[in-house]
Amino acid sequence: MKLSKRSAVLIASGMAGAMALSACGGGSSDGGGGGGDAASGSGRVVFGESTDFPENLFPYIAAGNATSVANLLIRVLPGPYVVEPDFSVNWDQDLLASEPELDTADGGQVNTYEINPDAVWSDGTPITAADFEFTWRANRSSDPADGGCASLLGTTGYEQIGSVEASGDDDKTVTVTYDTPFSDWQSLFGNLLPAHLMDNEDPVALCDTITAGWSISDGIVDDISAGPWQIKAENIDVGGQIVVLTPNPEWWGEPTGLAQLVVQNIGNDPTTAVQGIQSGELGVIYPQPQLDLVDQIEGLAPNVDSDVTFGLSFEHLDFNTTTPVLSSLAVRQAFTMALDRQEIVDQTVGQFSSDAEVLQNRIYFNNQPQYQDTAPDEYKEQNTAQAKELLESDGWVLGSDGVYAKDGQRLTVQIDTTANNPLRQTTIEVMIPQLAEAGIEATFNANPDIFAGAEAPTSLEAGGFQAAVFAWVGSPFRGATQSIYEQPQGDAIGQNYSRQGTQEIDDLFAQFQVEPDPDAQAELGNQIDALLWGQVATVPLYQKPTFIAFQSSIGNVEDNSTQAGPLWNSETWTVQ
């Protein structure tokens, strides 16, 4: 997940665009090029996007792996299933004509999808099995020698599929046959891709297309959509950091309740969010909750409604295990022992929710029934003395400045995080004195390129960092975590920014992905997490709360604290 933030200068200039648009307006003016369908609703809502303005809209590569991209695409590119706010998973009755079928006879797995006969792309092309087949083929492998593409974030699930075939006179029936079963099959084929615009039989050329993605300045290929909203290139203002969504004229479902949904990047400055929602210039905001922000917005009732929810995302610390200092397991262990994670919680999310607690698992969350505390005792509480003993046994010598050194190298670690994020800055500022007690010098660094592509030297993907604090936004489908923790394969690191892993973990994930019994799968997931504690390449901190606030005049706004996000049902929003 990308949660990097803009500078204060850009926030100020970006808000000027939102002020001119206003949060709620009558009529169906297209205000930027794209007009709504006559059957659609009226008025507009301005959503204040608090994460980075995207550089790329293609969701399957690092450059498009952003929360802002997920928010924009959630009702633009369809998928067979919808994740509801209560974490339940329901089939999409707009895309599909019936509930997908699952056949596990003789230990195999076959899924059948019946596509809605009315389902078409925004250029009028029918959505068919070819789109499912292409989406699979584009994501099935990251190995160029196998016709794959190294730029892919992950191939989990798709790589288990042996074939995707069409049937029926109109190719509206899709049969997916797996070589090996995949327990999280309902997570696949989200962000369905348009085969008629992207397919290429040459795997090298297709990989070039995938790697390039959809640059934000050009928008989505041919402005294509298969959801209630459409993103037209002419409605993207890169300088103002504004994207205007308008109704898809070929949408076959219920018409949108609005003529426009304006997504305006505002950054994560609490003052900007409060002022925008208080003045009515912003209709809906979804900032990372900060104590003052929550208090101030709750004080705006009854004109503004708000809610705090604990969802399926978590804040964590990642070590780059390829850097000289942090390649040492002993150093990573000592670093983790030196942390008082309860104090980190108390000084951050605990300030505005008594439900906040330390997270001791990376696969499951505190409010999931599968969750187990898998952390070893030495990491449950701060253990400064043991951390120092471990460092000294590893050859580190405490200097007169209170910092350990070894072979002429001081034990100093720069901790990167997203810019202009008070909660994350506080997290690291709480860590720094804790680490100092154990002779580890740590520094804070707001890295504007932390979630950029490999071309940015200090990005997570390029590996130009020592340690980083950020979050993973999750879903009920926990198999997707494999790309975070499996061993990198050459240049294909997936989302494993710590660049660590073991064959034992990979083997357990292989079982995890095919286990149909939920209880048995949970047991495997907790075994995996126990092994991850042995590596200490990532350290979970806390389950993240989400905070949504909106003008009380806007109807049907509902937080979805899963990866579906706050715009998951935005086509139903209305303005009174």
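Helices (H or I, at least four residues) and strands (E, at least two residues) are DSSP runs that are numbered from the N terminus. The model is predicted: local features need pLDDT of at least 70, side-chain atom pairs count only at pLDDT 80 or more, and totals for chains, interfaces and linings use all residues. Residues are numbered from 1 along each chain as its sequence is written, and side-chain values use heavy atoms, with hydrogens and water left out.

**Figure 1. Overview of the chain, with its 15 helices and 21 strands.** Taken along the principal axes, the box filled by the C-alpha atoms is roughly 75 × 60 × 40 Å. Of the 576 residues, 56% count as buried (under 20% relative accessible area, with exposed over 50% and partly exposed in between; 1.4 Å probe, protein chains only). Among contacts (heavy atoms within 4.5 Å) between residues at least 6 apart in sequence, 69% join residues at least 24 apart.

**Figure 2. Helix H5 and its surroundings.** Helix H5 comprises residues 203–212, and Leu206, Cys207 and Ile210 in this helix are buried. Viewed down the axis of H5, the buried residues fall within an arc of 100°, so they line one face of the helix; the arc is that of the directions from the helix axis to the C-beta atoms. The packing partners of these buried residues are helix H3 (129–139) and helix H4 (195–198). At the start of H5, the backbone nitrogen of Val204 has a side-chain oxygen of Asp202 within 3.0 Å. Such a polar contact is a pair of N or O atoms within 3.5 Å; within protein, one must be able to donate a hydrogen and the other to accept it, and residues adjacent in sequence count only if both atoms are side-chain atoms. Gly213 follows H5 and has a positive phi, near 65°.

**Figure 3. The open sheet of four strands, in the order S4-S5-S7-S6.** Pairing in this sheet is antiparallel, where two strands pair if DSSP finds at least two bridges between them. Strand S4 (101–103) and strand S6 (161–167) are the edge strands, and each pairs on one side only. On average, neighbouring strands of this sheet are turned by 15° against each other, direction ignored. S6 and strand S7 (residues 173–178) run antiparallel and are joined by six bridges; Val164 has Val176 in S7 as its bridge partner. Helix H3 lies across strand S5 (110–114), S6 and S7, and runs at about 165° to S6. Axes are lines fitted to C-alpha atoms, for helices over the stretch in contact, and angles run from 0 to 180 degrees between N-to-C directions.

**Figure 4. The open sheet of 10 strands, with mixed pairing.** The strand order is S8-S9-S10-S1-S11-S19-S12-S18-S16-S17. Its edges are strand S8 (229–237) and strand S17 (441–446), each pairing on one side only. Towards S17, strand S16 (residues 412–417) runs parallel to S17 and is joined to S17 by six bridges, with Phe444 in S17 as the bridge partner of Ile415.

**Figure 5. Strand S10 (residues 260–265) and its two partners.** Six of the six residues of S10 are buried, so the strand is largely enclosed by the rest of the structure. In a regular strand the side chains alternate between the two faces of the sheet. In S10 both faces are covered: Gln260, Val262 and Gln264 are buried on one side, and Leu261, Val263 and Asn265 on the other. Strand S1 (residues 44–49) runs parallel to S10 and is joined to S10 by six bridges; Arg44 is partnered by Gln260. Strand S9 (residues 242–247) runs antiparallel to S10, with four bridges, and Val243 is partnered by Val263.

**Figure 6. Helix H7 (residues 291–298) and its cover.** Leu293, Val294 and Ile297 of H7 are buried. Down the axis of H7, these buried residues fall within an arc of 95°, so they line one face of the helix. Their cover includes helix H6 (270–279), strand S11 (284–285), strand S12 (304–319) and strand S19 (538–551).

**Figure 7. Leu359 in the loop between helix H9 (341–347) and helix H10 (377–380).** Leu359 is buried, with a relative accessible area of 0%. Not counting residues up to four places away in sequence, the residues that Leu359 touches include Phe314, Arg341, Tyr364, Phe365, Pro540 and Tyr542. Leu359 and Ala537 are 178 residues apart in sequence, and their C-alpha atoms are 16 Å apart in space.
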